[in-house]
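Morning, everyone. Please bring the structure up on your screens. I'll talk through one residue, then one interface.

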There are 2 protein chains.
Amino acid sequence: MRYRLLIEYDGTPFHGWQIQPNCETVQEVIEKAFETALRYRPNVVGSGRTDTGVHARGQVVHVDLTDAIDIDKVKRSLNGLLPRQIAVLDMKEVSDDFHARFDAKKRSYRYHVSIEKHPLSSHRTYIIWREPDFDAMNKAANVLLGTHDCSAFCRIQSETKNRVCTISEAYWEKETYKGDWVFKISADRFLHGMVRTIVGTLLEVGYGKRKAEDMIELIQSKDRTLAGPAAPPHGLVLEDVVYAD
Amino acid sequence: MRYRLLIEYDGTPFHGWQIQPNCETVQEVIEKAFETALRYRPNVVGSGRTDTGVHARGQVVHVDLTDAIDIDKVKRSLNGLLPRQIAVLDMKEVSDDFHARFDAKKRSYRYHVSIEKHPLSSHRTYIIWREPDFDAMNKAANVLLGTHDCSAFCRIQSETKNRVCTISEAYWEKETYKGDWVFKISADRFLHGMVRTIVGTLLEVGYGKRKAEDMIELIQSKDRTLAGPAAPPHGLVLEDVVYAD
């Protein structure tokens, strides 16, 4: 039987999503919780990876379990076994052909910045010290909408060949909390390091280091070296993954 | 010149407030930031200690600085030097006889619990899994109000001799966030481990392990072994310190 789980996590103590040797990753911790609960270790397939320090409020995974289970009981025991930084928010049976990664139609990320220090939410807010020009940043963000080859925002070491993404949403919004802003971006897919590079580039627009109008040229260049530096991971949250159903 | 500072911190990465050998503490990190900014290291006196993992939204400290300073500039450079988990919210000159610890008239703490996991605020919320009887807990909390010898809630190793505290506020309140509750307590002073022991004892009332009516007897016993276990530190925040001025 295949199950679909909705996962929230604080990425601070983990080395990202994907299993790798000698590091504690979110995927590994979840697989080990399954192993303790069910006495065998299933493969947990996520909608996508997140880097070290990146958070998720709506990561979706699928997992194949061999025996019939009491979903509520397994969900409860997973939550009891998982550290407080990881929670299973929802778990349900899905058809055998559902795939958390390949079936995702839209992914949404949020990036939080603040011009003031907020220690109690410092694990998920990037402090930018002085107020950038958010109007200019929104003008630049607007250029991102549509279907483009996004190589200019993709980590150079990435082996992904198809770099065409359709961005359906990209804007900065003031949060109710004084001095806080959030960047909301949605696309059918994201390349490695893409959101953080876009945020770093938009901040350069906001501080007058580049112009909103130059974004078109930047995208067309497909040259990562022409974009801004990646913003730090701890401001980023994988907010939501949408499927056809 | 003496200065009074208002400090917020996430206690997660620190070994409490007070300087001790071979550990990074909030007091030490702040003194070192002063040392970098001013080229000498002043003694930073806090309103009180907080244990490892305990947070503060309103810690008050005083510090004596030998030279005249530009307050805004020093505050800004301290915030730049301090890690993102510690912020100076306010800094002002005070008279030489102001004392952050001895002049404090009232201290307020908050303790956050939730019956659901919230990974993104897991550093400051204690997960209690099932809903206790908050009405019974508030009945028990009400007994705490007034002036008592609070030895029953004081860590046994504590060397403090005067254990009389006047508790002016003690109640549980539902938070807007689903499943979250907060315990608010104010007193003229708190003994070592006092709030966490009170919370642990009230939770036992909430789960039917002890009765609200038995709180009077417990206080009168002055016997720490009769109280409940201390609730974990990460749910606790030093919210506010009030002075006569």
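Let's start with a lysine. Lys184(B) touches Tyr109(B), Arg110(B), Glu169(B), Ala170(B), Tyr171(B) and Glu173(B), leaving aside residues up to four places away in sequence. A reminder before we go on: this is a predicted model.

Where does Lys184(B) sit? Find strand E9 of chain B, residues 180-187, and you have Lys184(B). Is Lys184(B) buried or exposed? Lys184(B) has a relative accessible area of 13%. Buried means under 20%, so Lys184(B) counts as buried.

Now look at Glu173(B), one of the residues that Lys184(B) touches. The side chains of Lys184(B) and Glu173(B) are joined by a polar contact of 2.9 Å. For a distance across the chain, take Glu8(B). Glu8(B) and Lys184(B) lie 176 residues apart in sequence. In space, they are 18 Å apart, C-alpha to C-alpha.

Next, the interface. How many residues are in contact between chain A and chain B? Chain A brings 23, and chain B brings 23. The area buried between the two chains is about 2,000 Å². Carbon and sulfur atoms give 61% of that area. On chain A, Arg84(A), Lys117(A) and Leu120(A) supply 41% of the area that chain A buries against chain B.

What about polar links? Between chain A and chain B, 16 residue pairs are in polar contact, both residues at pLDDT 80 or more. The count of salt bridges there is zero. Finally, the side of chain A that touches chain B has nine nonpolar, eight polar and six charged residues.

Note on methods
Residues are numbered from 1 along each chain as its sequence is written. Chains are lettered from A and ligands numbered from 1 in the order in which they are written. This is a predicted model: local features need pLDDT of at least 70, side-chain atom pairs count only at pLDDT 80 or more; totals for chains, interfaces and linings use all residues. Side-chain values use heavy atoms; hydrogens and water are left out. Contact means heavy atoms within 4.5 Å. Buried area is the accessible area (1.4 Å probe) that two parts lose on being put together, summed over both. A salt bridge is a side-chain nitrogen of Lys or Arg within 4 Å of a carboxyl oxygen of Asp or Glu. A polar contact is a pair of N or O atoms within 3.5 Å; within protein, one must be able to donate a hydrogen and the other to accept it, and residues adjacent in sequence count only if both atoms are side-chain atoms. Ala, Val, Leu, Ile, Met, Phe, Trp, Tyr, Cys and Pro count as nonpolar, Asp, Glu, Lys and Arg as charged, and the others, Gly among them, as polar. Helices (H or I, at least four residues) and strands (E, at least two) are DSSP runs, numbered from the N terminus. Buried means under 20% relative accessible area, exposed over 50%, partly exposed in between (1.4 Å probe, protein chains only).
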